[in-house]
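Subject: Structure for your review

Dear colleague,

Please find the sequence and structure below. My notes on the findings follow.

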Amino acid sequence: MSSLKEIKERIGTVTSTMKITGAMKMIASVKLHQAQAAIGRIRPYEQQLDNMLSRLLASGTEVCSPFVEAHTEGKTVIVACSSNSGLCGAFNVNVQKELAGYLKGYPKEDVLLFPVGRKIREFLQKNGYPVEADFDSLADKPTYEAAASLASTLMDLYVQGKVKRVVVLYYHYHNQLVQVLTTETFLPVEPGTRSSDEPSGNTDYILEPSPEELIVLLLPQVLRVKLFAMLLDNAASEHGARTMAMQQATDNATDLLQGLTVQYNKSRQQAITNELLDIAGGAAR
């Protein structure tokens with residue numbers, strides 16, 4: 001059985017750890033609320049843009065945009081999103097596993113990798129994959145300007161015919177408990193893809209400029225906002241995962257502390273009993 005001193009030291013260590021995990025949970029919770037507010041601000045705008053584009057595409061308007069044209073040649077671009085720091089459960093591990101499985105179908109020279117977040121960038125570099133640039137800043141606090149710049153880079157590569165497909169691997173945020181790892185095609189845009197809750201294309205709107213011109217103007221803006229929303233989703237998912245991980249760690253530390261306290265009290269009781277027996281035995285002699 002461990003000595004009283006050893007148990008007391010372990011109690012002190014667990015108590016310190018519990019304070020740290022509790023503080024980290026509160027910080028992650030605050031960041032999560034901020035990320036949720038950011039998603040709440042961008043989502044109505046994104047939905048309205050999507051609805052406008054969906055109405056135009058569903059109306060039978062001819063689409064003449066390079067972002068809709070399918071390419072048969074070129075590289076595949078993968079934008080993989082993770083976090084810059086750990087202690088968020090299986091958040092980064094799941095991204096790494098999903099990306100590793102996806103990359104098995106491509107030779108290294110056939111992919112262009114845009115890692116968003118230090119964890120996924122280090123994973124790719126460790127496995128010998130060249131990365132295009134450092135986008136770590138987009139993982140912590142995504143800004144529209146930085147997201148739009150990345151989206152413009154991806155669109156330029158596609159328009160130039162250097163790539164045939166752009167996919168984004170990220171976590172879609174549902175709530176604090178549920179974050180869904182999602183692989184979504186960013187380019188080319190598929191005109192026929194519409195969700196069931198989007199409005200019908202049968203409208204009597206008079207558009208100025210023409211529907212064809214409006215689609216050409218809308219598509220780049222929709223793509224920039226879409227990528228920004230994906231990055232916000234991923235950031236909120238990270239904070240949600242970290243909040244839950246730190247809550248679980250705090251709960252585990254509490255359970256361990258209770259067990260150690262019981263063990264300490266029993267050991268102390270036994271030590272006192274042994275001392276009393278020694279005293280009583282000495283008095284009897």
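Two strands are said to pair if DSSP finds at least two bridges between them. Helices (H or I, at least four residues) and strands (E, at least two) are DSSP runs, numbered from the N terminus. This is a predicted model, in which local features need pLDDT of at least 70 and side-chain atom pairs count only at pLDDT 80 or more, while totals for chains, interfaces and linings use all residues. Residues are numbered from 1 along each chain as its sequence is written, and side-chain values use heavy atoms, with hydrogens and water left out.

Strands

Strand β1 (residues 75-81) pairs with β3 in the parallel sense, over six bridges. Within this pairing, Val167 of β3 is the bridge partner of Ile78. Strands β3 and β4 run antiparallel and are joined by eight bridges; here the partner of Val167 in β4 is Thr185.

Strand β3 (residues 163-173) is mostly covered, as eight of its 11 residues are buried. Buried stands for under 20% relative accessible area, exposed for over 50%, and partly exposed for what lies in between (1.4 Å probe, protein chains only).

Cavity

How many cavities of 30 Å³ or more does a search of the whole structure find? The search finds one, and the volume of the largest cavity is about 30 Å³. Its lining consists of Ile78, Glu98, Tyr102, Val167, Leu169 and Thr183. Helix α2 (91-103) and strand β3 are the elements that give two or more residues to this lining. A cavity is a set of points, on a 1 Å grid over the protein atoms alone, where a 1.4 Å probe fits but cannot get out; lining residues have an atom within 4 Å of a point. Grid points are joined across faces, edges and corners, and the volume is the space filled by probe spheres set on the points.

Salt bridges

A salt bridge is a side-chain nitrogen of Lys or Arg within 4 Å of a carboxyl oxygen of Asp or Glu. The count by this rule is five. One of them joins the side chains of Asp233 and Arg43, at 2.9 Å from N to O. Because Asp233 lies in helix α6 (residues 211-284) and Arg43 in helix α1 (residues 4-58), this pair ties together parts that are 190 residues apart in sequence. Asp233 is buried, at 4% relative accessible area, whereas Arg43 is partly exposed, at 27%.

Helix α6 also holds Glu238 and Arg242, which are four residues apart, about one turn of the helix. Their salt bridge has its closest N and O atoms 2.9 Å apart. Glu238 counts as buried at 2% relative accessibility, and Arg242 counts as buried at 9%.

In Arg118 and Glu122, the closest N and O atoms of the salt bridge are 3.1 Å apart. These residues are separated by about one helical turn, because they are four residues apart in helix α3 (residues 118-126). Arg118 is partly exposed at 29%, and Glu122 is partly exposed at 35%.

Surface patch

Leu177, Val178 and Val180 form a nonpolar patch on the surface, with about 250 Å² of accessible area together. Val180 is located in strand β4 (residues 179-187) and is partly exposed, with a relative accessible area of 35%. Patches are made of residues with over 30% relative accessible area and no salt bridge, with nonpolar side chains (Val, Leu, Ile, Met, Phe, Trp, Tyr) joined within 5 Å and like charges within 9 Å. Accessible areas come from the Shrake-Rupley method with a 1.4 Å probe; for residues, only the protein chains shown count as cover.

With kind regards

Technical notes:
On a 1 Å grid over the protein atoms alone, a cavity is a set of points where a 1.4 Å probe fits but cannot get out, and a pocket is an open set with protein on both sides within 12 Å along at least five of seven lines; lining residues have an atom within 4 Å of a point.
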